[in-house]
Amino acid sequence: MTDTLSDYLTRVRNAIKANNRIVEIPASNLKKEITKILFDKGYILNYKFEDQEKNQGVIKIALKYHPVTKQSAIRKLERISSPGLRQYTGVSTMPRVIGGLGIAIISTSKGVMTDKEARTQKIGGEVLCYVY
């Protein structure tokens with residue numbers, strides 16, 4: 001598989017469409033960091049990293065739904081940068097997702113972070129995805 005991040009986002013999108021509570025995803029360091037960001041920003045309920053002997057393990061994500069309407073906290077996951085067409089941004093051209101209501105996840109030289117964190121640290125990087 002050439003684009004593991006797209007696989008991650010697609011598995012989460014498919015689990016939301018199927019109204020699943022838990023989704024299992026093969027782990028990598030990038031996926032772990034994105035999962036931590038989604039948890040910190042309130043888009044998922046909980047997560048768990050399960051290590052295995054042969055490979056990097058599995059990430060189990062508990063998805064978050066509204067108790068009455070059963071609508072997911074994640075409305076849309078959109079992949080921006082792809083292996084064939086990388087999308088880089090500087091501080092001055094940092095994207096604002098839905099006027100600041102959503103988040104852009106950016107891979108910088110100081111790690112994976114949201115657009116707001118990158119803006120405050122005045123660093124740019126590769127725009128991985130939008131979440132809202």
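E2 and E3 pair in the antiparallel sense, with six bridges between them; strands count as paired when DSSP finds at least two bridges between them. These labels come from DSSP runs, with helices (H or I) needing at least four residues and strands (E) at least two, numbered from the N terminus. One spot to look at in this pair is Ile44, which stands opposite Leu63 in E3. Before going on, a word on what you're looking at: this is a predicted model, in which local features need pLDDT of at least 70 and side-chain atom pairs count only at pLDDT 80 or more, while totals for chains, interfaces and linings use all residues. Residues are numbered from 1 along each chain as its sequence is written, and side-chain values use heavy atoms, with hydrogens and water left out.

Now for the other partner of E3. Strand E1 (residues 22-26) and E3 (residues 58-63) run antiparallel and are joined by five bridges. You can pick out Ile22 opposite Ala62 in E3, and Glu24 opposite Lys60 in E3. Put together, this gives an open sheet of three strands in the order E1-E3-E2, with antiparallel pairing. E1 and E2 (44-50) sit at the edges with a single partner strand each, so one side of each has no neighbour in the sheet. On average, neighbouring strands of this sheet are turned by 20° against each other, direction ignored.

How covered are these strands? E3 is mostly covered, with five of its six residues buried. Here buried means under 20% relative accessible area, exposed means over 50%, and partly exposed is in between (1.4 Å probe, protein chains only).

H1 lies across E1 and E3, at about 165° to E1, and H2 lies across E1, E2 and E3, at about 155° to E2. For these angles, axes are lines fitted to C-alpha atoms (for helices, over the stretch in contact), and the angles run from 0 to 180 degrees between N-to-C directions.

How do the axes of H1 and H2 cross? The axes of H1 (residues 4-17) and H2 (residues 29-40) come within 10 Å and cross at roughly 40°. That makes H1 oblique to H2; angles under 35 degrees count as roughly parallel, over 145 as roughly antiparallel, 65 to 115 as roughly perpendicular, and the rest as oblique. The crossing is right-handed, a term used when the near helix is turned clockwise from the far one by less than a right angle. Where they meet, Thr4, Leu5 and Tyr8 in H1 are in contact with Leu30, Lys31, Ile34, Thr35 and Leu38 in H2, contact meaning heavy atoms within 4.5 Å. Those residues divide into five nonpolar, two polar and one charged. In this scheme Ala, Val, Leu, Ile, Met, Phe, Trp, Tyr, Cys and Pro are nonpolar, Asp, Glu, Lys and Arg are charged, and the others, Gly among them, are polar.

A couple of loops are worth a stop too. Asn20 lies in the loop between H1 and E1 and is partly exposed, with a relative accessible area of 35%. Not counting residues up to four places away in sequence, Asn20 touches Ala15, Leu63 and Tyr65.

Tyr43 is in the loop between H2 and E2. Is this residue buried or exposed? Tyr43 counts as buried, at 11% relative accessibility. Leaving aside neighbours within four places in sequence, Tyr43 has a list of contacts that includes Leu38, Lys64, Ala73, Leu101 and Tyr132. Between Tyr43 and Arg79, the C-alpha to C-alpha distance is 16 Å, and they are 36 residues apart in sequence.

Ile98 has a phi near 50°, a positive value in a residue other than glycine. You'll find Ile98 in the loop between strand E5 (88-89) and strand E6 (103-108), where Ile98 counts as partly exposed at 45% relative accessibility. Lys122 isn't a glycine either, yet has a positive phi of about 55°. Lys122 is in the loop between helix H3 (115-121) and strand E8 (125-131), and at 64% relative accessibility Lys122 counts as exposed.
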